Amino acid sequence: MTHSIRPDRRNVILGGAAVMGATVLPAAAAQTGLAPADDLLSATKRFTATLEPDKLKVASFAWNGSEWRNWNYFGVGGYIKPGLRLEQMTAVQKAAAWELLAAVWSPNGLRKARNVMLLQDILAQSGNGTGQRSSERFSISLFGTPSEKGAWGIRCEGHHLTQSVAVRDNRIVAVTPTSFSAIPNRVKSGPHTGLNTLRDEEGLARRLMADLSPKLQGRARIADSTPYNILSYAGRERANTKKVGLPAAELSSAQRDLLWKMIELYSIDHFPSQLSAVQRARVQSGDRQAVHFAWYAGNTPETAFGYRVIGDGFVIEMASVDAEAQHLHTIYNDLENVLGRG
C-alpha cells in the first residue's frame with residue numbers, strides 16, 4: 001500500500017499558476033451551456049447598481065485574467081480574497097449581494113455557505129484568528145462585463161468557500177470550482193454547539209467505507225495517510241483524474257446509492273432548480289459503473305480521513321487537514337468545464 005504525497009499548502013497555492021493551460025470557453029458549452037443566465041444577469045446588474053464607483057472598481061476584474069484562474073479558499077496567504085467583501089458593503093449592498101448569491105445557490109447552498117461563514121466568527125470568538133476572521137470577510141468578484149453577449153463570470157470566495165460561475169452569451173457554461181469547507185466541522189461548545197457543516201459529506205462517505213467488505217476496503221484504500229490537502233487545486237483541476245480505488249461496478253446496489261448521494265451533495269444539491277436537473281444529467285452522462293471511490297487512511301470517527309470520487313466528467317475530493325477531522329477541505333470540479341475552459 002502506498003503512502004500519499006503531502007503537498008505543502010503554500011506550494012499548492014503558488015505552484016498552480018505554472019501549470020495553467022489556455023482558458024478558452026469550449027465550443028459545446030458556448031453553444032448550449034448549462035442553463036439560461038437571465039436571473040443571474042439581472043441579479044448581478046441589481047447588485048452593481050447599488051455600488052459606488054470605487055466599490056465597483058474593487059469588485060471588478062478582467063475576464064480570463066490571472067485573478068479568475070487563481071481561485072483560492074485556503075488560509076495560507078491570508079483570509080482576505082480579491083473582490084468586494086461583505087464587510088465593505090452597506091446594508092443595501094449586502095442585501096443585493098445575497099440576492100445575487102440566491103441566483104447561484106439553492107436554499108441548501110445558501111444555508112451551507114452561511115454556515116461556512118459563521119465558522120469564521122466561531123473561531124475568532126475562541127481566540128483563533130481574532131481580528132483576522134469574520135463571517136463577512138467573504139468577497140464578491142465580477143470578471144468581465146456582465147451582459148447578454150460575450151463571456152463574463154462571478155465568484156464568491158473567502159476562507160473555506162469558493163464558487164465560480166462562468167457565462168457565455170447569456171448561458172451559464174460552468175459552475176466549478178466549488179468548495180464548501182469547514183473548521184471546526186463539529187462545533188463542540190458555545191451557542192452553536194452541534195453545528196456540523198459537512199455532516200453528510202463526511203457521514204455518507206464513512207458509511208460507504210464501513211459497509212464494504214474487508215477485501216473491498218483494501219481495494220478502495222489507496223494510502224495509509226491523508227494527502228493533507230486537496231490535490232485538484234488552482235491550475236491542477238484536471239491533474240488528478242486517474243481512476244484509482246474501487247469502481248462502482250463492484251459495489252452493491254445500496255452502496256452505489258450511497259455513492260451517488262455523495263456525488264449529488266457536491267454537484268447538484270447546492271445549485272438552484274434551473275441548474276440541478278442539467279447537473280444531474282451531466283454527472284450521470286459518463287459510465288456510472290466506472291465511477292471510482294478512493295479512500296485515504298482509517299475510518300475511525302473524529303480521526304483524519306479523506307476520499308476522492310472520480311467519474312468520466314468530474315472529480316470530488318475531501319481531505320482532513322488535521323488529525324481529528326475537524327479541518328476539512330473539499331472540492332468539486334467539472335472536468336469538461338473548469339472556469340469555463342474546455
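**View 1. The contact between helices H8 and H10.** In this predicted model, Asp 200, Glu 201, Leu 204, Ala 205, Arg 207, Leu 208 and Asp 211 of H8 meet Gln 255, Leu 258, Leu 259, Lys 261, Met 262, Leu 265 and Tyr 266 of H10, where contact means heavy atoms within 4.5 Å. By class, this contact of H8 with H10 has eight nonpolar, one polar and five charged residues (Ala, Val, Leu, Ile, Met, Phe, Trp, Tyr, Cys and Pro count as nonpolar, Asp, Glu, Lys and Arg as charged, and the others, Gly among them, as polar). Helix H8 (residues 199-211) packs with H10 at an angle of about 160°, their axes being 10 Å apart, and H8 is therefore roughly antiparallel to H10. Angles under 35 degrees count as roughly parallel, over 145 as roughly antiparallel, 65 to 115 as roughly perpendicular and the rest as oblique, with axes fitted to C-alpha atoms over the stretch in contact and angles running from 0 to 180 degrees between N-to-C directions. Helices (H or I, at least four residues) and strands (E, at least two) are DSSP runs, numbered from the N terminus.

**View 2. The crossing of helices H10 and H11.** The axes of H10 (residues 253-267) and H11 (residues 273-283) come within 10 Å and cross at roughly 130°, which means that H10 is oblique to H11. Trp 260, Ile 263, Glu 264 and Ser 267 of H10 make the contact with Gln 279, Arg 280 and Val 283 of H11, a set with three nonpolar, two polar and two charged residues.

**View 3. The packing of helices H3 and H6.** Here the axes of H3 (residues 38-49) and H6 (residues 91-102) come within 9 Å and cross at roughly 170°, so H3 is roughly antiparallel to H6. On H3 the contact is made by Leu 40, Ala 43, Thr 44, Arg 46 and Phe 47, and on H6 by Gln 93, Ala 96, Ala 97, Glu 99 and Leu 100; six of these residues are nonpolar, two polar and two charged.

**View 4. The chain around these helices.** The secondary structure of the chain comes to eleven helices and 14 strands. The chain averages a pLDDT of 91, and 91% of the residues score at least 70, pLDDT being the predictor's confidence in each residue, from 0 to 100. Over residues 1-30, however, pLDDT stays under 50.

Residues are numbered from 1 along each chain as its sequence is written, and side-chain values use heavy atoms, with hydrogens and water left out. Local features need pLDDT of at least 70, side-chain atom pairs count only at pLDDT 80 or more, and totals for chains, interfaces and linings use all residues.
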